Amino acid sequence: MRVLSDIGGRAAALVDRAARGWLSRMGSGEAVAERELVILRRLIFLSSAALVATPAGLSFVTSPAVALPAGVATVCAAFLFSAVGSIALSRHSAVAASVAAAPAEEFFLENSAGLVLFLDPHGHVTAAGGRNSGEFLAWMRDPRGRGFIEQVHISDRILFLQALDRLRQGAESASVDLRVDRPSVSRDLRQFAHLRMDMTAQRDLDGGLRAIVAQLRDVSIEHQLRLEAESRAADAESANDAKSRFLAAVSHELRTPLNAILGFSDILIGEYFGKFENERQREYVNLVRDSGAHLLSVVNTMLDVSKIEAGRYELVLEPFDIGASVRSCEAMLALQAKSKGVTLTSRIQRDLDEVVADQRAIQQILINLVGNAVKFTEAGGAVTVDAAVRGGVLQLSVSDTGIGIPADRLETLGQPFVQVQNDYTRQYEGTGLGLSLVKGLVALHGGHFAIASVPGEGTIITISIAADGSGAGAAEAARDRTVEFPPRLKTVAAREEGFFDGRAQAKIA
C-alpha cells in the first residue's frame with residue numbers, strides 16, 4: 001500500500017508540473033490560476049484511463065495494429081479540445097464577472113465618502129477615488145504604486161503590513177490608524193494627518209485575495225480631542241494628588257499646636273497652678289478645650305480621608321470582640337445623647353463570635369454613624385445600634401428617628417464637605433466628612449454600604465463586611481484598578497418591604 005501511495009504521489013506531482021508548464025506557455029506569464037490547474041488535473045487522469053480503455057474497445061472492432069494508434073490519437077485529440085475549451089470557458093466567465101463588477105466599482109469609487117483606494121494583494125495602489133478624494137490628493141502625493149506606503153509614518157508601516165497580512169491569511173476586513181506625511185505644511189502646522197483605513201478583501205471564485213478596497217477617513221480632530229481628554233485626566237489626577245498631599249501636610253502641621261492647646265487647657269481646668277478667680281474663666285477655658293477637641297477631631301478625619309484617597313491607609317486586621325466595640329461606642333456617646341434627650345440603645349446578637357477586621361476603623365465607623373444619628377435626632381427620639389453575623393457577613397446597623405434625608409440628596413450624601421442642608425438653613429454643626437470617611441473605610445474592607453431614609457421619620461444605615469477579613473484582601477487586590485472615592489452610595493428604597501421602618505426600627509429596644 002505504501003508503494004502504491006508513493007507511486008500515486010509521484011504521478012500527481014509529475015502531472016501538476018506538466019500542467020503548470022503547459023498553462024504558463026498558454027498564458028501571459030502570470031501565476032497559474034488554481035481552478036485551471038484543477039481542470040487540467042482531472043482531464044489528465046481521465047485521459048490516462050481512456051488511453052487504456054479506448055484502444056481495448058477498438059480492438060474488438062478492428063485489428064490491434066490499427067486500434068492502438070487510432071485509440072491514442074482519439075484520446076489525445078479529445079484531451080486537447082476539452083482542455084482548451086474548459087480553460088477558455090473558465091477565463092471567459094472570470095472576465096464576464098469582472099466586467100459586470102466594473103460599473104459597481106466605478107460607482108463606489110465616485111460616491112464613497114473619504115478617499116477610496118484599490119490595492120493589489122501586495123498593497124500597491126492601483127486606483128484612487130472617493131467623494132472627498134480632491135481634499136486628500138491636494139496635499140498627498142500620488143498614492144498609486146509604492147507612493148502610498150512611502151508617505152506613511154515609518155512607525156505605522158508595520159501596522160499597515162500586518163493588516164495586509166491578515167487579509168491574505170483569510171480575514172474579510174481590517175482596520176488600522178495611520179499617520180500620513182503632509183508635504184505641504186497646513187495652516188494648523190500639522191506635520192502628519194491621522195487617517196483611519198478600513199480595508200475589505202475582494203476574493204476570486206476560489207477564495208484567493210484578488211484586490212483590497214480601502215476607505216480612508218481623516219480622524220485628526222478625534223485624535224486631538226483624545227489627546228486633550230488624556231491631558232485633562234492627567235491634570236485632574238495630578239491636582240487630586242496635590243490636594244491629598246496638601247491635606248496630609250496641613251493636618252500634620254495643625255495637630256501639633258492643637259495637642260498643645262488641649263494639654264494646657266486640661267492643666268488649667270485641673271487648676272494645677274492656681275484656682276480660677278471666677279466661674280467665667282473656667283467657662284472660657286472649657287470652651288477653648290471643647291473647640292480644640294472638635295478641631296482636632298476634624299483634622300484627624302481630614303487626615304484619614306486624605307490617606308484613603310491617596311491609597312496610603314493601611315488596615316491592621318486582627319480578631320476582636322465586635323460586641324465590646326459596640327458597647328464602648330455606646331458608652332462614649334451616652335452622655336451626648338442624654339444631654340439631647342435622646343435614647344441610645346444597642347442590640348447585639350447572642351453568642352456573637354470574634355470578627356477579623358481593623359478594630360480602629362470599625363470603631364471610627366461606629367462613632368461617626370452613631371454620632372451623626374444622635375446629632376440629627378431631636379429630644380424624645382431614639383437611636384439604636386444592631387450587630388449580627390449572618391452567613392459569614394458582619395452587619396452593623398444604626399437607625400434613628402431623626403430628621404431624615406430627602407430622596408434627591410441621597411446621591412450626594414457621603415461626599416467630602418457635603419451636608420444635607422445648605423449653609424443658610426442648616427441647624428446642625430459639622431463638616432460633612434464623617435460619612436465620607438465611613439464609606440472609605442467600608443470600601444477598604446471590601447464591604448457594602450446601604451442607606452434608607454424618610455424625611456421627618458428617620459434613617460437607617462447598614463454596613464456589611466466579611467466577618468473573616470477576606471473582603472479586605474479582595475479590596476487590596478483590586479486597588480490597582482481605577483476606583484471612585486468616596487464609593488458611590490447604594491441607596492435603598494425607603495419603604496422597601498421587610499427592610500426599613502426608621503421610627504419603628506429605632507424605637508424597638
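Modeller: A salt bridge here is a side-chain nitrogen of Lys or Arg within 4 Å of a carboxyl oxygen of Asp or Glu. Keep in mind that this is a predicted model, where local features need pLDDT of at least 70, side-chain atom pairs count only at pLDDT 80 or more, and totals for chains, interfaces and linings use all residues. Residues are numbered from 1 along each chain as its sequence is written, and side-chain values use heavy atoms, with hydrogens and water left out.

Colleague: OK, how many salt bridges does that rule give?

Modeller: The count comes to 12. One of them pairs Glu271 with Arg282, with the closest N and O atoms 2.5 Å apart.

Colleague: And where do those two sit?

Modeller: Glu271 is in the loop between helix 6 (220-269) and helix 7 (279-310), while Arg282 is in helix 7, so the pair ties together parts 11 residues apart in sequence. Helices (H or I, at least four residues) and strands (E, at least two) are DSSP runs, numbered from the N terminus.

Colleague: Is Glu271 buried or exposed?

Modeller: Glu271 counts as buried, at 18% relative accessibility. The cut-offs are under 20% relative accessible area for buried, over 50% for exposed and partly exposed in between, with a 1.4 Å probe and protein chains only. Arg282 is partly exposed at 24%.

Colleague: What else does Arg282 pair with?

Modeller: Glu279 also forms a salt bridge with Arg282, at 3.5 Å between the closest N and O atoms. Both lie in helix 7, three residues apart, about one turn of the helix. Glu279 is exposed, with a relative accessible area of 57%.

Colleague: Where does it bend?

Modeller: Helix 8 bends at Leu333, by about 45 degrees. That's the angle between axes fitted to the seven residues ending there and the seven starting there.

Colleague: Which of its residues are buried?

Modeller: Ile322, Gly323, Ser325, Val326, Cys329, Leu333 and Ala337.

Colleague: And what follows the helix?

Modeller: Gly341, with a positive phi near 75 degrees.

Colleague: Last one: what does Arg327 pair with?

Modeller: Arg327 forms a salt bridge with Asp321, at 3.9 Å between the closest N and O atoms.
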